[in-house]
Amino acid sequence: MNQVNPLHIGALLLVVIMFLFFKLSGVKEELVDAKVSFGTSEKLAIDLQALKSVYANKKKSKISINRILAQSSIRAAKLILKRDKNSIRISSASIDTRTLNSLMGKILNGSYNIVALDIKKLNETKASLKMEIKW
Amino acid sequence: MFTRFKHTTNVLFLDAKSSDFAYEKGKKVDIILSPRMYWVKKMTLPVSSVREVKKLLPSLFEDSLPAAHYSYTAYKSGEEFLLFAYEDKKVFELLADKDISSADIASIRFAQSEFDSLENALSINAQESMYKDDGLLVLVPTTWVKESQVMALENLKLSKHTIKLQQFGHIVDKKSLYKIGAILVVLALILLVEIFVASSKLSGIEQAKEALFSKYKLQATMMQNRSTYTKYSKIYERETKLRAAIALFLSMPLQANQKITHLQYKSKKLFVVISGVTQASIQPLLSKLQANKLKYTTAHQGTGMKVEVSL
């Protein structure tokens, strides 16, 4: 014969509903944050991949530089090449300005990480060159 | 084996005007309500089930009861239906008045169902007796009946017809209560479904993020990835600025006697030496640098000018 007061049941249901409301608002907030975070991550991932493909692809950079240096006009300039694990140093005490123009045109139009450059005019047809490219 | 059929509870006859009953606190009791506590009708109805009859009860009693909050019940007796109306509140008040704890109540029944086979009158107190008139149990003054027996409840065989009192029926209508309860439950279910859907979406996004990391071969944490991104984007900006600055110097409107004799880039700074530049001819060159919003400083070096550009 002991019966539960319906008002108590109603109050309990209201408390449950309030709890669910809070829980829902928390989950929805998390969802909005997760969507924003995903959008940011996606943009970062795409940009990072593009940058890495240019500046972090050692193999690609090496092949590309070697291809430029292997061209007959540039090879004829007998450039001094010093290669190490992370960079290449290209230098010449005297290089023909036409060859220099050709070389610099190709280097500057490519996506190389030039960390040092020094070009000094020696006379109307000759110049000296020191350049370091990292990858 | 025979003890199985003995009452394990006490049986009490509850009447507002009788005080002579054996109630022990803590022991379960079966309550029999006196005819004074309810209204009863015996009717033949064109329906077959008790459930159908119960729907009709409020309208069947509508005109014969004084205004109050009633509960209704019915059961079939032969070809006829016995219909009851009672006030839960009044019964509770009487139970409280008699100091009977609701925790001790095993069942509540009507005298009508428990004394169905009554042949003689039974006295319920000093002045009143009950007897069956046309199948219905009624209360009459004892002086009206020829012979009235003393009520003996010990060996009474109880029927299966019991009622459940609505303790809070007078506070809120049962139907309204169910409706409100149903609405609240539905609301709670909707919220649960919403939470489930949002959680599923959340886990979907988490999975998509994991797939993104795997697809783009990202590092384990976003902090590491941001750091790598910053490193490469700085290189990209610097290299872009370097190429733009070199292109700017190479496209400068130099006079015939003006030549770029030295071009040097180190420590994020570009140094350019232009020979044959005088104070009079310097302005067009500086204007071009200013137009391209470059941070620069100039210094005269022999017959030329040295320009230092910060990238």
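Colleague: What's the mean pLDDT of chain B?

Modeller: It's a predicted model, and chain B has a mean pLDDT of 87, with 95% of its residues at 70 or more. pLDDT is the predictor's confidence in each residue, on a scale from 0 to 100.

Colleague: Where in chain B is confidence lowest, and where highest?

Modeller: Strand β10 of chain B (residues 148-150) is lowest, with a mean of 79, while strand β5 of chain B (residues 80-86) is highest, at 94. Strands here are DSSP runs of E, at least two residues, and helices are runs of H or I, at least four residues, numbered from the N terminus. Watch residues 1-5 of chain B too: their pLDDT is below 50, and beyond near neighbours in sequence the stretch has 0 contacts in the model. Contact means that the C-beta atoms of two residues, placed from the backbone, lie within 7 Å.

Colleague: And what are the ipTM and pTM?

Modeller: ipTM is 0.82 and pTM is 0.59.

Colleague: OK, sheets. What's the strand order in the 3-strand one in chain B?

Modeller: That open sheet runs β1-β2-β6 in chain B, with parallel pairing. Strands pair if DSSP finds at least two bridges between them. β1 (10-14) and β6 (105-110) of chain B are the edge strands, each with a single partner, so one side of each has no neighbour in the sheet. Neighbouring strands are turned by 25° against each other on average, direction ignored, using axes that are lines fitted to C-alpha atoms.

Colleague: How many bridges between β1(B) and β2(B)?

Modeller: 5, in the parallel sense, with β2(B) covering residues 29-33. One pair to click on: B:F13 has B:I32 in β2(B) as its bridge partner.

Colleague: What about the sheet with mixed pairing, which strands are in it?

Modeller: It's an open sheet of 4 strands in chain B, in the order β9-β8-β7-β10. β9 (136-141) and β10 of chain B sit at the edges with a single partner strand each, so one side of each is left without a neighbour in the sheet. β8(B), residues 128-133, runs antiparallel to β9(B) and is joined to it by 6 bridges; B:M130 has B:L139 as its bridge partner in β9(B).

Colleague: How many residues of each chain are in contact across the interface?

Modeller: 41 of chain A with 48 of chain B. On the chain A side, α1(A) gives the most, with 27 residues, and that side has 24 nonpolar, 7 polar and 10 charged residues. Here Ala, Val, Leu, Ile, Met, Phe, Trp, Tyr, Cys and Pro count as nonpolar, Asp, Glu, Lys and Arg as charged, and the others, Gly among them, as polar.

Colleague: Which strand of chain B does β3(A) join?

Modeller: β11 of chain B (residues 259-266), antiparallel, through 4 bridges. A:I119 stands opposite B:L263 there.

Note on methods: Residues numbered from 1 in each chain as written. Chains lettered and ligands numbered in written order. Predicted model: local features only at pLDDT ≥ 70, side-chain atom pairs only at ≥ 80, totals over all residues. Axes fitted to C-alpha atoms, helices over the stretch in contact; angles between N-to-C directions.
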